[in-house]
Amino acid sequence: MHRRTFLAGSVAASLTTNKAAVAGTRDSRPDRQMCAESAPSFFTSNTRWQAAYDKALSVLAGNVQVMPYVDQPVLIEGSVYRGIWQECGPHEALVYRKFRPDVARASHMTFFELQRADGQMPANNKLSETGFGQIQMVVPIAATAWELARATGDTELLEAAYRSCSAWDKWLRQYRDTRGTGLIEGFCTYDTGHDNSPRWAGMPNQCPNKNARTHHAIASLPRLCPDLSATAFGARRALGAMAEALGKQAEAERWLDDAERIRSAILARLFDPQEATFYDRDAQDRFVRVNGDLLSRVIAEHVPDQPLFEVLWDRQIHNPKKFWAQFPLPSVALDDPAFVRPIPNNSWGGAAQALTALRATRWFDHYGRVAEFGELMGRWCEAIQRDMTMRTQIDPISGDFTKEDDPGYSPTALVMVDYTWRLVGISEEHEILHWNVRPNHPAAQDARLEMRTDANLRTCMHYAAGGARLELAGKLIAEIEGGAARLTTNFEGAPKMLMGIETKPQTVTVRLPSRPPRKFTVRANEAIPLS
């Protein structure tokens, strides 16, 4: 299928690099063949880490399947979940895109192609049915589609995403704002994907007759939901960016204005400053006081500004009595009376979920908590290496996976793969490369990592003798020795910043071509500009 590079709006210049990459690969050979030749590779002499990484890739490959009604392969959830869900499937496929770009694309197009004429997007597409009985959204499909289209220069995907996500937003305004607050309402448990959570205790799982336009006749319904509203906020910001890329400046401004209005409403109506957290507000205008992971979902869409985030970080997220468990992040705060013990299977009542861990990539760096994210990633990878069955959830205290859950869960496998690259390899943002160097990390033992950027440039990190050699397009761009640090460069390899990625200060020596070596002591989350 032909795809042309989009170059409209203010993003035109930044997409020029992708134009060349797409023109050189997309039209000349199938996506599957291309990714087989250019998929990321990771090798380490740490056999325990390598085995877990390879097992994760095997699970993901097995979960690439064709679902009913759409003839392209998608990444299914795995385990007992034989299908793809809107709340998570597009995001998971986006994380997997370097290995299967065709799967990432199809995992978005599935929802656009199955969308109803009135604008309702399916909650899922399973072997058994295409589900419309709830809205079930968490990570905005508009945001992941925009990121994928921008990275790959895919105009067709961009245009399809803009049409579909605009219609979905219109449907949500029409049917999920019955109280006229400007917020998104929850009608049932599955709307937020919080199976077996005390947040929804006593509420139905689905909408009556699987009709997501209506709710059961229960006095406390509908609820104003912070996380559903945050998803709409994130989607509208993405729609604004898409509109700008398509040259629709007036629409872009309208989307951004609408996003700010719903953000203001979330903060005004659904935030409790005394408790420093977000709660649902029921139809009697009362808070539903279960302190759960909807907090991290609101943060993931960047609803709080930095000062508010610091309050949430200190009082909630990084509080060991609440969410900073030995294995973060529990789905209900450790000290909340509603925490469900002992932990049952498929429970958002306290277990630390792989989905939450995977979504953490969307906000830790954004708010400048790179070092603490390294701690979280290390603990999850340790739990996975102890039990490589790739199940869905762990006990946040012991790190033990729930044995009653079936194995082969895609989010857990993605956590293992994606965290490996974020711990000791290369991670990529739009035209920015983060070289995460941890010479003393278990995964870094004689490790070699290779990946192609969105501009089709080969990157390589090779660890040896207490340091790492960094190469871009076959050229040495830096050598880093000693402790751990992140070197940030552009796509040309020009160094921009050195960042502290460990909670303790690190002393590192940076060697750049044609420059004398420089020694730095970098503290946790400290950013040192490099001229």
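Two strands are taken to pair if DSSP finds at least two bridges between them. In this predicted model, alanine 464 stands opposite glycine 467 in strand 19. Strand 18 (residues 458-464) and strand 19 are joined by 6 bridges and run antiparallel. Their hairpin has 2 residues between the strands. Alanine 465 takes a positive phi there, near 50°.

Strand 19 also pairs with strand 20 (residues 475-482). Again 6 bridges join the two strands, and the direction is antiparallel. Alanine 468 faces isoleucine 480 of strand 20 across this pairing. The hairpin of strand 19 and strand 20 has 2 residues between the strands. In this hairpin, alanine 473 has a positive phi near 55°. Of the 6 residues of strand 19 (residues 467-472), 5 are buried, so the strand is largely enclosed by the rest of the structure.

The largest nonpolar core holds 150 residues. Phe112, Trp363, Trp380, Tyr419 and Leu470 touch the most other members. Contacts of tryptophan 363, leaving aside residues up to four places away in sequence, are Ser296, Ile299, Ala300, His302, Phe309, Trp313, Ile317 and Leu329. Another core, of 5 residues, lies apart from the largest one. Its members include Val290, Ala325, Val332 and Phe339. In soluble globular proteins, nonpolar side chains tend to be buried together.

Two or more lining residues come from each of helix 4 (89-95), helix 6 (141-152), helix 8 (226-245), helix 14 (410-424) and strand 15 (426-429). By class, the lining has 18 nonpolar, 8 polar and 14 charged residues.

A cis peptide bond joins leucine 221 and proline 222, with omega about 0°. Proline 222 is in the loop between strand 7 (185-186) and strand 8 (223-224). Lysine 210 lies in the loop between strand 7 and strand 8. Its phi is positive, near 55°, in a residue other than glycine. Lysine 210 is partly exposed, with a relative accessible area of 43%.

The loop between helix 11 (306-317) and strand 13 (352-353) contains leucine 329. The peptide bond from proline 328 to leucine 329 is cis, with omega near 0°. Leucine 329 is also one of the contacts of tryptophan 363. Asparagine 346 is placed in the loop between helix 11 and strand 13. Phi of asparagine 346 is positive, about 45°, although the residue is not a glycine.

How values were computed: Residues are numbered from 1 along each chain as its sequence is written. This is a predicted model: local features need pLDDT of at least 70, side-chain atom pairs count only at pLDDT 80 or more; totals for chains, interfaces and linings use all residues. Side-chain values use heavy atoms; hydrogens and water are left out. A nonpolar core is a set of buried Ala, Val, Leu, Ile, Met, Phe, Trp, Tyr and Cys residues joined through side-chain atoms within 4.5 Å. Buried means under 20% relative accessible area, exposed over 50%, partly exposed in between (1.4 Å probe, protein chains only). Contact means heavy atoms within 4.5 Å. Helices (H or I, at least four residues) and strands (E, at least two) are DSSP runs, numbered from the N terminus. Ala, Val, Leu, Ile, Met, Phe, Trp, Tyr, Cys and Pro count as nonpolar, Asp, Glu, Lys and Arg as charged, and the others, Gly among them, as polar.
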